[in-house]
Amino acid sequence: MSEKYKFTYKTIDDVRLASGRLGVDIPLSTDTSVLARPVNLTSRVTLKNSLAIHPMEGFDGNTDGSPSELTKRRYDRFARGGAGLIWFEATAVCPEGRSSSHQLWIHENNVDEYARLVDDIHKKSDGAAVIAQLTHSGRFSKPENKPAPIIAYHNPLFNKNFDIPADYPVVTDDYLDSLREKYVNAAILAKKAGFDGVDIKSCHRYLMSELLSAYQRDGRYGGSYENRTRLLRETVRDVISTCGGDFIVATRMSISDCVPYPYGFCTRADGSVDLTEAKQLAAELRDLGMNLFNVSMGTPYYNPHVNRPYDSGGYEPPENPLCGVARLINCAFELRAAVPGMTYVGTGYSYLRSIAPYAAAGALSEDKIDIVGFGRMAFAYPDFACDMINGQFNSRRSCISCGKCVELMRAIAPAGCPVRDSLYLPIYKEHCKRG
Ligand SMILES: Cc1cc2nc3c(=O)[nH]c(=O)nc-3n(C[C@H](O)[C@H](O)[C@H](O)COP(=O)(O)O)c2cc1C
Ligand code: SF4
């Protein structure tokens, strides 16, 4: 743990003071009643409050892609936890695009398993909306638990870390053409399983997200803005026209990779954020009929601090994590202000621990976001939403952004919170060095 950036904030005034010193804006409000505000998504779906659980992969599916008992346990806890929106974890649309042999993968032969799980979530959550996140892991595919990258283009910043040789083949345009149908089929299955909608995942540099920065790719999916965004736009178009109506079609996007141009989407060569293309793309997706947009930034494979602010790791983080929190909140606001007409879900609040309810309330009451989502907090404290809404948030149950769940994920072990959920402690001891 870096001493310099150690989390020492006990009150919202401490955070106000620290963010003021850093020159960043984190909205804060002690009136948390706004967290209980219902959110209307479609004529059929109204969320019972303004809190969401972000997609959090548990790496614990059965090898046929269906949810295991451990997966069901996670969603049982999430369902009972009170959040109005449960954004179901990354679920592969094809076997070669799985992040491990334990990533969920929806197909004709296991859709009934999903239907039972979604039904259970709906019942136990008293009507939370459930969105399926559909994905292809691309460069980070490991269907047999060893790297089998499917890359959109060569990228020296990533190739080096993942041992990808210069002559490694780039995925073909024909393969990318064929993916639209796989997403559509997975969306049809998700609808059949009872999900309220799907997310065509475009974040964190998995395949759809990597394409957004494919400046140096030739052909139909590279170079120009139109080509780089083609697969996402056309997939969203096809999913809407096939599943349409009240079925929600969303995306979770890294609106800036924070990877320098020409290797990152919406990032200048000096690494700073430029949301011009994200705004254009969000507007185009809205005009196609998209109504829900989950805002994320960065990728855990380049600078994880941008993606999920934290201060652990035994080294000094590249920035005070409050800067990361403020970037996520304020970039989401910039996009939402520029592209009205969709419901936006914000990210980046778990780092704030006991101050998180006040930041969520601040962002909602200052109209910076429509829904506040929590990732790691949900692993640590699955019923955070109930307690935040009732003013009973217990800091001893909070996520402490220690990164142990990420270590589990990197070890391709079932991911959960070894700090707050005793079931994961022996798993952590077995798979991770620092046990
Ligand atoms: C173990 C783990 C698994 C994750 N799985 C997913 C995922 O399946 N899909 C996704 O979009 N983000 C995933 N994320 C990112 C989170 O949803 C979230 O964006 C990130 O943790 C920052 O939010 P937080 O500060 O509330 O944790 C994962 C993060 C962690 C730590
Ligand atoms: S392992 Fe650490 S970072 Fe992950 S949820 Fe638990 S407390 Fe938070």
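Mentor: Helices (H or I, at least four residues) and strands (E, at least two) are DSSP runs, numbered from the N terminus. This model is predicted.

Trainee: Where is the place of Asn-145?
Mentor: Asn-145 is not a glycine, yet its phi is positive, about 70°. It is partly exposed, because its relative accessibility of 34% falls between 20% and 50%. Its place is the loop between strand S6 (129-135) and H4.

Trainee: Is His-204 buried or exposed?
Mentor: His-204 also has a positive phi, about 65°, without being a glycine. It is found in the loop between strand S7 (197-200) and H6. Its relative accessible area is 10%, and the cut-off is under 20%, so His-204 is buried.

Trainee: How do Phe-158 and Tyr-302 pair, stacked or edge-to-face?
Mentor: Their ring centres lie 6.0 Å apart, within the 6.5 Å limit.

Trainee: How many residues apart are Phe-158 and Tyr-302?
Mentor: Phe-158 is in helix H4 (residues 156-159). Tyr-302 is in the loop between strand S9 (292-296) and helix H10 (304-307). The pair links distant parts of the chain, 144 residues apart.

Trainee: Which charged end sits over the ring of Phe-158?
Mentor: Phe-158 is buried, with a relative accessible area of 1%. The charged end over its ring is 4.7 Å from the ring centre. That end belongs to Arg-205.

Trainee: What is the angle between the planes of Tyr-215 and Tyr-261?
Mentor: Their centres are 4.7 Å apart. The pair is edge-to-face, and planes over 60 degrees apart count as such. The angle is 70°.

Trainee: Which residue does a cis peptide bond join to Tyr-261?
Mentor: Most peptide bonds are trans. At this cis bond, omega is about 10°.

Trainee: Which elements give two or more residues to the shell around ligand 2?
Mentor: Ligand 2 sits in the largest cavity. The residues around it include Arg-376, Phe-379, Lys-404 and Cys-405. The elements asked for are helix H13 (376-380) and helix H15 (404-410).

Trainee: How many residues of that shell are nonpolar?
Mentor: Cysteines are among the residues around ligand 2, including Cys-399, Cys-402 and Cys-417. Cys counts as nonpolar here. The shell has 2 polar and 2 charged residues, and its nonpolar residues number 7.

Key: Residues are numbered from 1 along each chain as its sequence is written. Chains are lettered from A and ligands numbered from 1 in the order in which they are written. This is a predicted model: local features need pLDDT of at least 70, side-chain atom pairs count only at pLDDT 80 or more; totals for chains, interfaces and linings use all residues. Side-chain values use heavy atoms; hydrogens and water are left out. Rings of Phe, Tyr and Trp (its six-membered ring) pair if their centres lie within 6.5 Å; planes under 30 degrees apart count as stacked, over 60 as edge-to-face and the rest as tilted. Buried means under 20% relative accessible area, exposed over 50%, partly exposed in between (1.4 Å probe, protein chains only). A charge sits over a ring if NZ of Lys or CZ of Arg is within 6 Å of the ring centre and within 35 degrees of the ring normal. A residue is near a molecule or strand if one of its heavy atoms lies within 4 Å of it. On a 1 Å grid over the protein atoms alone, a cavity is a set of points where a 1.4 Å probe fits but cannot get out, and a pocket is an open set with protein on both sides within 12 Å along at least five of seven lines; lining residues have an atom within 4 Å of a point. A molecule sits in a cavity or pocket if more than half of its atoms lie within 2 Å of its grid points.
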